Amino acid sequence: MPRSKRSKVVSLTKTEKKTRTHKEELISQIRGNAQKWKYAWVFSVGDMRNAALKDIRAQWKSTGRMFCARNTVMVKAIGSTEEEEIRPGIHAITKYLHSGAGIFFTDWDPKETLEWLGDYKKPDFARAGNVATREVVLPEGPVCDQTPSPDPPTPLAHALEPRLRQLGLSTRLVRGVPTISAPHVICKAGQQLTAEQAALLRLLGIQMTEFRIKCICWWGEKEGLTELEANTKSTPGADKKDESEDEGMSS
């Protein structure tokens, strides 16, 4: 029996699969920037955060270029041997390209660059597995936004009430406002956060972590390689990052 034409699987995702052409274009961009700028830096940020990386790219728009892609792609672009390297000696940085690492190209003086990157920090929301820096207790009554503000706290929208219950709060709507009938401890200081706790903190606007950049090494054609962090060389099998996540941050 022929299949009905009405029975079609429709994908709702807007994420396009990365193609070979996309990877080749990315490799070409990395090589072009490796030849354009004087210095190449390898950095690590742990959990990649698009918003923070976009902010850094915006501030360095005319003075540098940052790439966060799969380490295999970056290694291929730079060249892992003297025969393959795009510039004499630059292959030395590839042994530091591991999961969570990126490349930053600039003409800025290394001392000034290190100071800027070392001082950069941005408040961020904690994720599952992060450690709570303080105890958070919701008082009895309306569940309010805890984002720091000079204005009085505002109750969360009524549409969030089902989500709050899914995350473990015993809420009910009172005059259209999510409300709890007893104090609720979301987390305690030093506790490793669960996915539900991290989601609650985000909904409440409570940030417990800081986005920071760890500089691993830098390279210049005249200066050679300067290592800044010990025990950061890549190991076989370290490239386990999701392809869509990596290449989405390399534009």
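This is a predicted model: local features need pLDDT of at least 70, side-chain atom pairs count only at pLDDT 80 or more; totals for chains, interfaces and linings use all residues.

Modeller: Start with a definition: the expected span of a helix is 1.5 Å times one less than its number of residues. H1 has 17 residues, so at 1.5 Å a residue it should span 24 Å. Its end C-alpha atoms are 24 Å apart, which agrees.

Next, which residues of H1 are buried? They are Leu26, Ile27, Ile30, Asn33 and Ala34. Seen down the axis of H1, these buried residues fall within an arc of 135°, so they line one face of the helix. An α-helix has 3.6 residues a turn, so residues three or four places apart point the same way.

What covers that buried face? The cover includes strand S2, helix H3 and strand S3. Take the strands to begin with. S2 and S3 belong to an open sheet of five strands, in the order S2-S3-S1-S11-S12, with antiparallel pairing. S2 (64-67) and S12 (224-227) are the edge strands, and each pairs on one side only. Neighbouring strands of the sheet are turned by 20° against each other on average, direction ignored. H1, residues 20-36, packs on this sheet and touches S2 and S3. The direction of H1 makes about 145° with that of S2.

S2 and S3 (residues 101-106) are joined by four bridges, in the antiparallel sense.

Then comes helix H3, residues 71-78. H3 lies across S2 and S3 and runs at about 40° to S3.

Leaving out residues up to four places away in sequence, Ile30 touches Phe67, Met74, Ala77, Ile78 and Phe105. Ile30 also belongs to the largest nonpolar core, which has 23 residues. Ile30, Val42, Ile78, Ile90, Ile93 and Phe105 touch the most other members of that core. At least two core residues come from each of H1, strand S1 (39-44), H3, S3 and strand S11 (214-220). Another core, of 19 residues, lies apart from this one; among its members are Leu138, Leu167, Ile180 and Cys187.

Last, step back to the protein chain. It has seven helices and 12 strands. Of its 251 residues, 39% count as buried.

Methods: Residues are numbered from 1 along each chain as its sequence is written. Side-chain values use heavy atoms; hydrogens and water are left out. Two strands pair if DSSP finds at least two bridges between them. Axes are lines fitted to C-alpha atoms, for helices over the stretch in contact, and angles run from 0 to 180 degrees between N-to-C directions. Contact means heavy atoms within 4.5 Å. A nonpolar core is a set of buried Ala, Val, Leu, Ile, Met, Phe, Trp, Tyr and Cys residues joined through side-chain atoms within 4.5 Å. Buried means under 20% relative accessible area, exposed over 50%, partly exposed in between (1.4 Å probe, protein chains only). The arc is that of the directions from the helix axis to the C-beta atoms.
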